[in-house]
Every structure is written in structure tokens, then in C-alpha cells.
Amino acid sequence: MMQKLNQISEFYGNGDYEGRRAVVELCNGVYSVAFYENKRYTKDIPLPGKSLRYAEDLAENYVIGIVDRDHNGA
């Protein structure tokens, strides 16, 4: 069965974090955050059981430098 992936929102860094971008997606009822650095995909963190607000907070915190892409999402 093919998974349905929907992009919900996108966040961009600036200043020291200008090359960062994070995309919040929804796939089969589970939010995830895809991390990009300097236009290159680096990691996707699925967030089962977490809310859209949690996913968007994680994405925003990444692009402003509070968390790095190795954050485990827990």
C-alpha cells in the first residue's frame, strides 16, 4: 500500500542558520519533520503520538538553532 504524504508547513532559518529548512509532513496520521541544510536533505524524524504543534515547534527550533538535526524527536 502506498503511503500518503502531505506537506503541512515549512520553516526557514536566517542569520547564522540561513541554510536550514524544516518541513512538517503528515503521513498516514503521523507527523514528521524533514531537515535540510544548505539545500540538502539530512534527516527525517517521525513523531508518532505527537501533535502538529509539537512537530511545528521542533521544526521552528531547528531553523533558529535551538536543536540540531540529531534531535531524536522524543
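Arginine 53 sits out in the open in this predicted model, with a relative accessible area of 64%, which is over the 50% cut-off and therefore makes the residue exposed. Its side chain still finds a partner: arginine 53 and aspartate 57 meet in a salt bridge, with N to O at 3.9 Å. That only just makes the list, because the limit for such a pair is 4 Å. Both residues belong to helix α1, which spans residues 52-63, and they are 4 residues apart, or about one turn of the helix. Aspartate 57 is partly exposed, at 35% relative accessibility.

The salt bridge count comes to 2. The other one joins arginine 21 to glutamate 10, with an N to O distance of 2.4 Å. This pair ties together distant parts of the chain, since arginine 21 is in strand β2 and glutamate 10 is in strand β1 (residues 5-12), 11 residues apart. Neither end is fully out in the open: arginine 21 has a relative accessible area of 25%, so it counts as partly exposed, and glutamate 10, at 30%, is partly exposed too.

Another charge-over-ring arrangement puts lysine 50 over the face of tyrosine 54, at 4.7 Å from the ring centre. As for ring against ring, the count is 2 aromatic pairs. One of them brings tyrosine 36 together with tyrosine 41: the centres are 5.7 Å apart and the planes stand at 70°, so the pair is edge-to-face.

Zooming out, the protein chain has 1 helix and 4 strands, arranged along the sequence as β-β-β-β-α. Of its 74 residues, 32% count as buried. The chain exposes about 5,000 Å², with carbon and sulfur atoms supplying 46% of that area. Taking contacts between residues at least 6 apart in sequence, 34% join residues at least 24 apart.

Now for the inside. The largest nonpolar core has 14 residues, and the members that touch the most others are Ala22, Val24, Val33 and Phe35. Elements giving two or more residues to this core are β2, β3 (30-37), β4 (40-47) and α1. The largest share comes from α1, with 5 residues. In soluble globular proteins, nonpolar side chains tend to be buried together.

Setting aside residues up to four places away in sequence, valine 24 touches Asn6, Gln7, Ile8, Ser9 and Phe11, along with Tyr31, Ser32 and Val33, and then Leu52, Ala55, Glu56 and Ala59.

Methods
Residues are numbered from 1 along each chain as its sequence is written. This is a predicted model: local features need pLDDT of at least 70, side-chain atom pairs count only at pLDDT 80 or more; totals for chains, interfaces and linings use all residues. Side-chain values use heavy atoms; hydrogens and water are left out. Buried means under 20% relative accessible area, exposed over 50%, partly exposed in between (1.4 Å probe, protein chains only). Contact means heavy atoms within 4.5 Å. Accessible areas come from the Shrake-Rupley method with a 1.4 Å probe; for residues, only the protein chains shown count as cover. A nonpolar core is a set of buried Ala, Val, Leu, Ile, Met, Phe, Trp, Tyr and Cys residues joined through side-chain atoms within 4.5 Å. Rings of Phe, Tyr and Trp (its six-membered ring) pair if their centres lie within 6.5 Å; planes under 30 degrees apart count as stacked, over 60 as edge-to-face and the rest as tilted. A charge sits over a ring if NZ of Lys or CZ of Arg is within 6 Å of the ring centre and within 35 degrees of the ring normal.
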